[in-house]
Amino acid sequence: KIKNSGSACTMESWCSSLIEEKVFFQLLWLEGGAYLWIGSGDHRLDSLAVGVPASAGARGRAATPSATTLLGGHEGDAGSQRLAQRLSSKVGRPIFVSLNLRDDPQLRLFAEREAVAALTAPVAAPSAT
């Protein structure tokens with residue numbers, strides 16, 4: 001893992017493997033949110049989505065987070081949008097996500113688990129001021 005931190009944001013980059021396939025991650029913690037890029041060795045940016053956590057509903061239960069695709073999304077693949085929605089719910093902050101992996105459920109689940117681990121690490125996010 002590589003970590004860089006400054007006053008405005010913190011960045012982490014790492015690579016994990018599932019069987020023989022490498023998955024690359026780059027996480028930027030911003031004030032009040034985060035940007036997460038996940039991809040393979042070609043380092044492309046096919047899509048970008050954002051998920052925003054919802055406030056508690058009328059009965060005290062959290063509502064479904066809002067999410068939308070901001071850029072791209074090839075051949076109807078809404079993977080970035082779905083992942084942004086789930087991650088923002090788990091982290092409680094807006095999350096920008098670019099998911100650039102082939103459409104393999106096992107590979108994408110692996111990537112999501114790695115992302116959740118990084119996003120929920122005790123010292124991962126800088127405190128919002």
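**Salt bridges in a predicted model**

Author: The side chains of Arg44 and Asp42 are joined by a salt bridge, with N to O at 2.6 Å; a salt bridge is a side-chain nitrogen of Lys or Arg within 4 Å of a carboxyl oxygen of Asp or Glu. This is a predicted model, in which local features need pLDDT of at least 70, side-chain atom pairs count only at pLDDT 80 or more, and totals for chains, interfaces and linings use all residues. Residues are numbered from 1 along each chain as its sequence is written, and side-chain values use heavy atoms, with hydrogens and water left out.

Reader: Is Asp42 buried or exposed, or partly exposed?

Author: Buried means under 20% relative accessible area, exposed over 50%, and partly exposed in between (1.4 Å probe, protein chains only). Asp42 has a relative accessible area of 47%, so Asp42 is partly exposed.

Reader: Which parts of the chain does the pair of Arg102 and Glu21 tie together, and how many residues apart are they?

Author: The side chains of Arg102 and Glu21 meet in a salt bridge at 2.5 Å, N to O. Arg102 lies in the loop between strand E7 (95–100) and helix H2 (105–119) and Glu21 in strand E3 (residues 21–30), so the pair ties together parts that are 81 residues apart in sequence. Helices (H or I, at least four residues) and strands (E, at least two) are DSSP runs, numbered from the N terminus.

Reader: What is the relative accessible area of Glu112?

Author: Glu112 forms a salt bridge with Lys90, their closest N and O atoms being 3.6 Å apart. Glu112 is buried because its relative accessible area is 10%.
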